[in-house]
Amino acid sequence: VMGKEKGVQIFLRVRPTRNPSPFCSLKSEAEHGLEFDIPKDDTQGYINNQRSHYEFKFDGLFTPDASQEDVFNGVALQSVNSSLDGYNATVFAYGQTGSGKTHTITGGIRKFSDRGIIPRSISMIFSEFASRAENSFQAKISYMEIYNETCYDL
């Protein structure tokens with residue numbers, strides 16, 4: 001995420017899963033981290049320098065029970081506000097297939113509260129346009145997908 005306030009920020013949204021890994025743990029929400037403790041492979045012998053602990057830190061962390069509104073407010077709200085003040089802003093979703101990028105960005109279709117970052121951003125932008133009638137605005141929005149090193153303009 002990029003905006004005028006803090007530059008590039010990295011957020012992690014953890015997707016709900018039926019079978020969470022026993023080797024993965026979320027740090028407290030204040031620490032915004034993720035840890036993996038992977039047992040060493042005993043077949044490697046007595047002297048085993050295999051790394052077993054991995055730790056990742058983020059600017060923000062969203063647990064599996066985070067709502068779409070929580071994610072929008074934590075990730076995109078500042079970027080949308082920055083764009084309304086004339087700054088360029090970007091929200092970039094990255095992850096493997098099936099990790100929840102589309103759900104986070106576009107949302108679900110069953111309930112209004114399931115709207116993702118894009119519909120919430122567009123709604124906010126045009127609401128602000130209407131409330132700032134004394135100003136003139138021009139909006140340019142790009143929605144792209146990069147898959148297997150090919151870029152698609154959606």
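Visitor: Is cysteine 151 buried, partly exposed or exposed?
Guide: In this predicted model, cysteine 151 has a relative accessibility of 45%.

Visitor: How many disulfides does the structure hold?
Guide: A disulfide requires a pair of cysteine sulfur atoms within 2.5 Å. The number of disulfides in the structure is 0.

Visitor: Which residue is the bridge partner of tyrosine 147 in strand 7?
Guide: Strand 6 covers residues 144-147 and strand 7 covers residues 150-153. The two pair in the antiparallel sense over 4 bridges. In strand 7, the partner of tyrosine 147 is threonine 150.

Visitor: Which residue takes a positive phi in the hairpin of strand 6 and strand 7?
Guide: This hairpin has 2 residues between the strands. The residue with a positive phi, near 50°, is asparagine 148.

Visitor: Is lysine 27 buried or exposed?
Guide: Lysine 27 forms a salt bridge with glutamate 31, with the closest N and O atoms 3.8 Å apart. Glutamate 31 is partly exposed at 43% relative accessibility. Buried means under 20%. At a relative accessible area of 18%, lysine 27 is therefore buried.

Visitor: What is the N to O distance in the salt bridge of arginine 132 and glutamate 128?
Guide: Arginine 132 is partly exposed, with a relative accessible area of 22%. Glutamate 128 is likewise partly exposed, at 23%. Their side chains meet in a salt bridge with an N to O distance of 3.0 Å.

Notes
Residues numbered from 1 in each chain as written. Predicted model: local features only at pLDDT ≥ 70, side-chain atom pairs only at ≥ 80, totals over all residues. Heavy atoms only, no water. Buried < 20%, exposed > 50% of the residue type's maximum accessible area, 1.4 Å probe, protein only. Pairing = 2+ DSSP bridges. Salt bridge = Lys/Arg side-chain N within 4 Å of Asp/Glu carboxyl O.
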